Amino acid sequence: MFHISKMIAFLTAVFVAVPVTTTVWLVSMFAYGQPFFFSTAIAAGAGLGVYGILSAAGSYRFLKKHGLTRKEYKYIKRNLTEAKGKLFRLNKSLFSMRDIGSIKQRLELVKVARKIYVLTKNEPKRFYQAERFYFSHLDSAVELAEKYAFLSNQPKKSLELKESLIHTKKTLGDLQYSIEKDLQQVIANDVDELHFEIDVARNAISKTSERTKYLDEGRR
């Protein structure tokens, strides 16, 4: 997970910067007899410099690993931040509904939407396979869920309102199907790679079986 790797990079930078800061301060203060405030300033500068270099190196390795430029990552991160808020609103709206019969559907919708978000957060480059989800389907789901939750919780419902709720519920079901398709798109490359690995494994097993059969016939 990329947030764990970033945390490790941060801790590494801190654990290196602190000893450097302390060492520079001690050397400046006692070995060179510099004033306290001057030594502190030099030590702080050295520590911040080391921390900055290590942080930049960690960021470079992270971007290189995921095949992203700094500009691309900032763009993806900004959209993920917005999506996190939308997912919170979706979850809040869906679970404020009093419709017991649709709870399974609502749970599945939240589960699939969150799965796309987590996959993208852990591997940011997947964002490009999930753009339809982030720029269309998620917004529609949030808007419909909030309106449905508000209207369904009204104490008195006219015939027109009841019909609107039925239509909205059906549309949410259609959106769930679309979001499930979005998830399939996000993991499409993984499925292709799995099929490739299966073919390779089967080919290796087949060759091993043929070799074993040939050796057995030779022994006979």
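Here are a few friendly notes on the core and the salt bridges of this predicted model.

1. Ground rules. Residues are numbered from 1 along each chain as its sequence is written, and side-chain values use heavy atoms, leaving out hydrogens and water. Because the model is predicted, local features need pLDDT of at least 70 and side-chain atom pairs count only at pLDDT 80 or more, while totals for chains, interfaces and linings use all residues.

2. The core. The largest nonpolar core has 35 residues (buried Ala, Val, Leu, Ile, Met, Phe, Trp, Tyr and Cys joined through side-chain atoms within 4.5 Å; buried means under 20% relative accessible area, exposed over 50%, partly exposed in between, with a 1.4 Å probe and protein chains only). Helix α5 gives the most to this core, eight residues (helices are DSSP runs of H or I, at least four residues, numbered from the N terminus).

3. Leu90. This residue is among those with the most contacts inside the core, alongside Ile116 and Tyr134. Leaving aside residues up to four places away in sequence, Leu90 touches Ala113, Leu138, Ala141, Val142 and Ala145 (heavy atoms within 4.5 Å).

4. Of six salt bridges in the structure (a side-chain nitrogen of Lys or Arg within 4 Å of a carboxyl oxygen of Asp or Glu), one joins lysine 86 and aspartate 139 at 2.7 Å, N to O. Lysine 86 is in α3 and aspartate 139 in α5, 53 residues apart. Lysine 86 is buried at 18%; aspartate 139 is partly exposed at 30%.

5. Within α6. Lysine 170 and aspartate 174 also form a salt bridge, at 3.4 Å, and sit four residues apart, about one turn of the helix.

How values were computed:
Helix = DSSP H or I, 4+ residues; strand = E, 2+ residues; numbered from the N terminus.
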